[in-house]
Amino acid sequence: MEQVPGALGTSASLALRLGQIIFSSASLLFMCLEVELFSYTSFSYLVTVMGLVTPWSLSLALVDAYSVFIKCLPRQPRVLLIVIVGDWALSFLSLAAACSTASVTSLLVNAGTSYCPSRLCSRSQFSATMAFLSWSLSFASTLFNLWLLPSL
């Protein structure tokens, strides 16, 4: 059986999952600090998607931690396919949420401070940046697991 670094059940996958948890939680935290931001749909969408990404990554981080410390790799094709589809769907949802948040924030910054005070805009920019970082780790995890799937 092939050992792919970053695939489900490895220490690299655990590191990817922990990074996803940190970045999605930071994005969620900075977006939820201001109630005024929820008047825009893209900001609410980012909160919803990051609210889905965080528990998904946390549950898979627990599976990875169990696999790393007990040395029992979950290599069933159906389980791996569910993880790949879940990662793939959530990675594209988080990419869409990060892009929409970044574009609306850019539009509000260019419109002037009457629409978005600098403190609010900087928080939403930081939240979109954290969502992009979470997306990159999620997509990398998807690709590593997809690489492993044909060898099972």
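**A lined cavity and a helix pair**

The largest cavity is lined by R17, Q20, V53, W56, S57, D87, L90 and S138, where a cavity is a set of points on a 1 Å grid over the protein atoms alone at which a 1.4 Å probe fits but cannot get out, and lining residues have an atom within 4 Å of a point. The model is predicted, with local features needing pLDDT of at least 70 and side-chain atom pairs counting only at pLDDT 80 or more, whereas totals for chains, interfaces and linings use all residues. Residues are numbered from 1 along each chain as its sequence is written, and side-chain values use heavy atoms, without hydrogens and water.

Two or more residues of this lining come from each of α1 (11-32), α2 (41-70) and α3, helices being DSSP runs of H or I with at least four residues, numbered from the N terminus. Helix α2 gives the most, with three residues. By class, the lining has three nonpolar, three polar and two charged residues, with Ala, Val, Leu, Ile, Met, Phe, Trp, Tyr, Cys and Pro counted as nonpolar, Asp, Glu, Lys and Arg as charged, and the others, Gly among them, as polar.

Helix α3 (residues 77-111) and helix α4 (residues 118-148) pack at an angle of about 155 degrees, with their axes 8 Å apart; axes are lines fitted to C-alpha atoms over the stretch in contact, and angles run from 0 to 180 degrees between N-to-C directions. Helix α3 is therefore roughly antiparallel to α4, a term for angles over 145 degrees. Their contact comprises 19 nonpolar, 10 polar and one charged residues.

Terms used
Angles under 35 degrees count as roughly parallel, over 145 as roughly antiparallel, 65 to 115 as roughly perpendicular and the rest as oblique. On a 1 Å grid over the protein atoms alone, a cavity is a set of points where a 1.4 Å probe fits but cannot get out, and a pocket is an open set with protein on both sides within 12 Å along at least five of seven lines; lining residues have an atom within 4 Å of a point.
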